[in-house]
Amino acid sequence: MLGESGNPAMARLFGQKWLESRAGAGVLLNYLLTITTLALGALLFAGCAGPVRVTTIDDTERRIISVAQWGGTPADESRARRHTINRITLHHAGVAFPRGKDPIAYMQNLQRWSRDTRKWLDLPYHYVIDLDGNIYEGRNIKFAGDTNTEYDPAGHALIEVVGNFEEVEPNEAQLAAVVETMAMLAAKYRVPVEKIEGHKDHSRQTVCPGKNLYRYLENGYFRDRVRERVKAAAAS
Ligand SMILES: [Zn+2]
């Protein structure tokens with residue numbers, strides 16, 4: 001993940017120079033990897049071991065951009081309200097997120113606004129998904145979230161997708177990242193898919209996560225894909 005120079009968020013995080021200096025070594029490494037993969041493939045085929053199952057839950061955890069990586073700081077644990085995850089709740093930002101807007105700056109601003117203006121412990125969500133499907137760690141999952149509406153977010157794993165889905169459609173990368181994040185949480189905290197819902201299922205004061213994203217909760221798209229992934233992870 002860290003060596004993928006095609007990822008703009010990572011390029012910002014680690015500096016274009018760092019990534020470019022890796023490019024020459026990358027070609028050689030790719031060549032060696034290809035040879036190794038071919039050799040391994042031949043071995044597996046000979047042994048009838050069948051396809052190697054990728055543990056997608058681990059893959060997801062590895063690609064999450066941590067608070068330290070996006071330049072945030074940890075929250076004051078002494079003020080935190082601890083909770084046990086028993087459901088997953090989807091949100092949208094509710095404001096437009098134009099192409100070219102910097103997601104790293106967005107995360108930093110959201111943390112600052114949440115602490116300084118709202119006087120919350122930290123940013124309100126546990127995970128944030130940008131336009132390219134990158135997943136950012138938000139508030140520590142051990143701590144209950146915060147909300148502007150009347151429901152109690154204790155027990156909820158909170159996922160926010162940037163953009164306003166009353167106005168625009170989620171893109172493929174965002175939908176895939178939502179599935180991945182939900183599946184990771186469902187597997188880790190043993191949340192049944194029926195407990196995957198949207199903010200507006202818990203509050204009458206909001207249209208969040210927006211009708212165009214909520215549709216994927218209503219029609220079973222997210223729950224079906226999460227169920228498949230959790231099943232595959234359990235079998236591996
Ligand atoms: Zn919301």
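This is a predicted model: local features need pLDDT of at least 70, side-chain atom pairs count only at pLDDT 80 or more; totals for chains, interfaces and linings use all residues.
Q: Which residues make the contact between H6 and H8?
A: From H6 come Val178, Val179, Met182, Ala183, Ala186 and Ala187, and they meet Phe222, Arg225, Val226, Arg229, Val230 and Ala233 in H8. Sorted by class, that makes 10 nonpolar, no polar and two charged residues.

Q: What makes H4 and H6 roughly perpendicular?
A: Again, look at the angle. The axes of helix H4 (residues 56-63) and helix H6 (residues 172-189) cross at roughly 115° and come within 9 Å. The perpendicular label covers 65 to 115 degrees, so H4 and H6 count as roughly perpendicular. H4 passes H6 in a left-handed crossing.

Q: Which residues of H4 and H6 meet?
A: On the H4 side they are Ile57, Thr60 and Glu61, and on the H6 side Glu180, Thr181, Ala183, Met184 and Ala187. This contact has four nonpolar, two polar and two charged residues.

Q: What does Ala183 touch, leaving out residues up to four places away in sequence?
A: Ala183 touches Ile57, Val226, Arg229 and Val230. Ile57 belongs to the H4 side of the H4 and H6 contact, while Val226, Arg229 and Val230 sit in H8.

Q: Which residues of the largest nonpolar core touch the most other members?
A: The core has 41 residues, and the ones in question are Ile129, Ile159, Val178, Met182, Ala183 and Ala186. Two or more residues each come from strand S1 (87-92), helix H5 (103-116), strand S2 (127-129), strand S3 (135-137), strand S4 (156-161), H6, helix H7 (211-218) and H8. H6 gives the largest share, nine residues.

Q: What is His83 in contact with, leaving aside neighbours within four places in sequence?
A: The contacts of His83 are Ala144, Ala154 and Gly155. His83 and Gly145 are also 9.4 Å apart in space, C-alpha to C-alpha, though 62 residues apart in sequence.

Q: How do you know that Lys119 is exposed?
A: Lys119 has 8 other C-beta atoms within 10 Å. With a cut-off of 12 or fewer, Lys119 therefore counts as exposed. Lys119 is in the loop between H5 and S2, and its phi is positive, about 60°, although Lys119 is not a glycine.

Q: What makes Arg190 exposed?
A: Same test: Arg190 has 10 other C-beta atoms within 10 Å, and 12 or fewer is the limit, so Arg190 is exposed. Arg190 sits in the loop between H6 and S5, with a positive phi near 50°. Most residues other than glycine have a negative phi.

Q: Which peptide bond is cis, and what is its omega?
A: The bond from Cys208 to Pro209 is cis, with omega near 10°. Pro209 lies in the loop between strand S5 (196-198) and H7.

Definitions and conventions: Residues are numbered from 1 along each chain as its sequence is written. Axes are lines fitted to C-alpha atoms, for helices over the stretch in contact, and angles run from 0 to 180 degrees between N-to-C directions. Helices (H or I, at least four residues) and strands (E, at least two) are DSSP runs, numbered from the N terminus. Angles under 35 degrees count as roughly parallel, over 145 as roughly antiparallel, 65 to 115 as roughly perpendicular and the rest as oblique. A crossing is left-handed if the near helix is turned anticlockwise from the far one by less than a right angle, and right-handed if clockwise. Two residues are in contact if their C-beta atoms, placed from the backbone, lie within 7 Å. Ala, Val, Leu, Ile, Met, Phe, Trp, Tyr, Cys and Pro count as nonpolar, Asp, Glu, Lys and Arg as charged, and the others, Gly among them, as polar. A nonpolar core is a set of buried Ala, Val, Leu, Ile, Met, Phe, Trp, Tyr and Cys residues joined through C-beta atoms within 7 Å. A residue is buried if 20 or more other C-beta atoms lie within 10 Å of its own, exposed if 12 or fewer, and partly exposed in between; C-beta atoms are placed from the backbone.
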